[in-house]
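Work through the following exercises with the coordinates loaded. Each task is followed by a solution in steps.

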Amino acid sequence: MPGEASTGRNKYQEGTAMKQKKQKKLFKMPNIFIIILALCVTAVVMTWIIPAGEYSRIQNAAGNTVVIPEEFSFIAQHPVNLFMIPSYLVMGMNSMAATIFFVMIISGVFQVVIATETFDGLTMTVARKLQGKEKLIIPILTILFSLLCTTQGINTLIGFTPIAVLLMRGVGFDAMTGVATVILGGGIGFSCGALNPQTTGIADVIAELPLYSGAGYRFFCMAVLLVPTCIYIMRYAERVKRDRTVSYTYELELRENAEAIDLSGRASLNFRHVLILLTVIGGYIAVMYGSIRLGWGVNNQSAVFIWVLFIVAACSGMKADTVIKEFINGAKGVVFPLILIGMASAISKILTDGKIMDSCVYYIAGTLQFLPASLQSLGMYLAQILVNFVIVSGSGQVVVTMPIMTPVADIIDLSRQTAILAFNFGDGFLTHILPWSGAVMSVIGVVNVDFTQWFKFAFKIVMLWAVIGAALVIFSQFIW
C-alpha cells in the first residue's frame with residue numbers, strides 16, 4: 001500500500017506544473033484598472049453618440065430624490081472631452097471620500113479582530129466540541145464563514161483556508177470539502193451582502209436608503225441558500241469518506257499524504273474573545289439603529305467603528321503599537337479596491353455631465369417595461385449578471401450600475417431595495433466560479449487546489465444559487 005501511494009504521487013506529480021501553466025494560459029483577464037479606464041473612454045464616446053436627455057425630479061415623502069417617469073425630454077447634446085478623463089477620475093474619488101474612509105476603518109478594525117485570534121479560537125472551539133460528530137463540522141463552519149463574510153469579501157478567509165482543509169482531512173474528508181466551506185459559505189454571506197460596507201453599504205448610499213435597512217430579508221436569503229449548500233457539501237464529503245478515489249482532489253491528497261491534525265495545541269475561545277465578538281456585534285447593531293432611527297450618515301457610522309476599535313484594543317490585551325500596525329495593515333489592504341471605487345464613480349459623472357445618464361435610464365426602463373411586472377426585477381438581476389462578467393469587483397460594479405438602476409427602479413415602480421438585491425446576487429453568485437476572480441483563485445491557490453477541479457465541484461451548486469436567487473429577487477417585490 002505505501003508503494004502504491006508513492007507510485008500514485010510520482011505519477012501525478014509530473015503533470016502538475018504543466019496543468020498549472022495551462023491554467024494560467026487559459027484564463028487571462030485584463031486588470032480591473034484597465035477595464036475601468038476602458039469604460040471611462042466608452043462613457044465619453046457614448047456622450048457623443050447617445051441622444052442627451054433628462055427627467056424632471058422631485059423629492060418624495062421619504063426625502064429621496066426621484067424621477068418623474070412621465071417627464072422625460074431630449075435636449076441639446078453635451079459631449080464630454082476625452083482629455084477630461086483624468087479630472088473625472090479625481091472628481092470620482094473625491095465624491096466617494098466619506099464612503100472610502102468608512103470602508104477603510106471597518107477593514108482596519110476587522111484586521112485587528114483577526115489579529116486577536118478571536119475567529120481562530122471560535123473555529124477551533126467548535127471543531128473540538130464536534131469531534132466524533134464529523135458531519136456537523138461542515139454546516140457549522142459553512143455558517144460561520146457565511147456570517148463572517150456578511151461584512152467582508154472571501155479574501156478575508158484566505159488565512160482560514162489551510163485550517164479548514166486540515167480539519168476536514170483530519171476527520172476523513174478532503175481538501176475540496178475544506179475549500180467548499182470557505183468559498184461557498186463565505187460566498188453566500190458576501191452575495192447576500194447583509195452588512196457589507198463595500199457593496200450593500202455603497203448601494204444604500206447611492207440609493208439614498210438607510211444603511212443596511214434591508215438586512216432582515218438578506219439574512220433570510222442567507223438561510224435559504226445555506227440549506228442546500230450545506231447538504232451539497234455534506235453529501236460530497238460522505239462519498240469521499242466511503243471512497244477516497246471519488247474525491248475531486250484525490251491527486252492532491254496522494255501528493256501531500258494528508259494526515260489528521262492535533263487540535264489540543266490550537267487556540268481556544270476565551271473570555272477576551274467573547275468580549276471582542278460582542279463588541280463587534282454591538283457596533284453593527286448601533287450602526288443599523290442609528291441609520292434607520294436617527295438618520296445617521298456615513299461619518300456617524302465611521303465614528304461608531306472607531307469606538308469599536310478602541311474597545312476591541314482594550315479587550316485584546318495587545319500593545320498599542322501592535323493594534324495600530326494591524327489596523328494600518330487592514331486599511332492598507334483595501335486601498336486598491338477603494339481607488340477603483342472612486343475611479344468607477346467617474347463613469348457615472350461622465351454620463352451625468354454628458355446628459356446621457358437619464359437617456360440610459362430611459363432606454364433601460366423602456367426595455368424592462370416590456371416584461372410582465374413580476375419579471376422586471378428578474379430582468380434587472382440578469383443585467384447585473386452580465387455586467388459581472390466584465391466587472392468582477394463588487395465595489396466596482398456597484399458604483400457603475402446603481403446610479404443607473406436606482407432611477408430605473410423608480411420608473412418601473414420597483415423597490416430600490418429590490419434593485420440592490422438584484423445587484424448583490426448578480427454581482428455575487430457567479431463570481432465564485434470565475435477564473436479571473438482574484439479572491440477565489442487566492443483561496444484555492446493557498447492550498448494547491450486546481451481551478452478546473454473547483455469549477456467541476458462548484459458549478460452545480462452555484463447554478464442552483466442563481467435559480468434560487470432569481471426566485472428570491474422576484475419574491476422581494478412583494479415585501480419591499
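**Exercise 1.** Classify E253 as buried or exposed, then do likewise for its salt-bridge partner.

Solution. Apply the accessibility classes: buried is under 20% relative accessible area, exposed is over 50%, and partly exposed lies in between (1.4 Å probe, protein chains only). E253 has a relative accessible area of 8%, so E253 is buried. Next apply the salt-bridge rule, a side-chain nitrogen of Lys or Arg within 4 Å of a carboxyl oxygen of Asp or Glu. E253 belongs to helix α11 (residues 250-256) and R169 to helix α7 (residues 161-170), so the bridge ties together parts 84 residues apart in sequence. R169 is buried as well, because its relative accessible area is 12%.

The model is predicted: local features need pLDDT of at least 70, side-chain atom pairs count only at pLDDT 80 or more, and totals for chains, interfaces and linings use all residues. Residues are numbered from 1 along each chain as its sequence is written, and side-chain values use heavy atoms, without hydrogens or water.

**Exercise 2.** How many salt bridges does the rule give, and which residues form them?

Solution. The count is three. Another joins K135 to E238 at 2.5 Å, N to O. This pair links distant parts of the chain, with K135 in helix α6 (residues 134-148) and E238 in helix α10 (residues 215-242), 103 residues apart. K135 is partly exposed because its relative accessibility is 40%, and E238 falls in that class at 27%. R416 and D410 also form a bridge, their closest N and O atoms being 2.7 Å apart. R416 counts as buried at 9% relative accessibility.

**Exercise 3.** Compare the span of helix α17 with its expected value and state what covers its buried residues.

Solution. Helices are DSSP runs (H or I, at least four residues), numbered from the N terminus. The expected span is 1.5 Å times one less than the number of residues. Helix α17 (residues 376-388) has 13 residues, for which 18 Å is expected. The first and last C-alpha atoms of α17 are 19 Å apart, close to that value. The buried residues of α17 are Q376, S377, G379, M380, Y381, Q384, I385 and N388. Their cover, counted by contact (heavy atoms within 4.5 Å), includes α16 (357-368), α18 (394-411), α19 (416-428) and α21 (451-476).

Notes:
Helix = DSSP H or I, 4+ residues; strand = E, 2+ residues; numbered from the N terminus.
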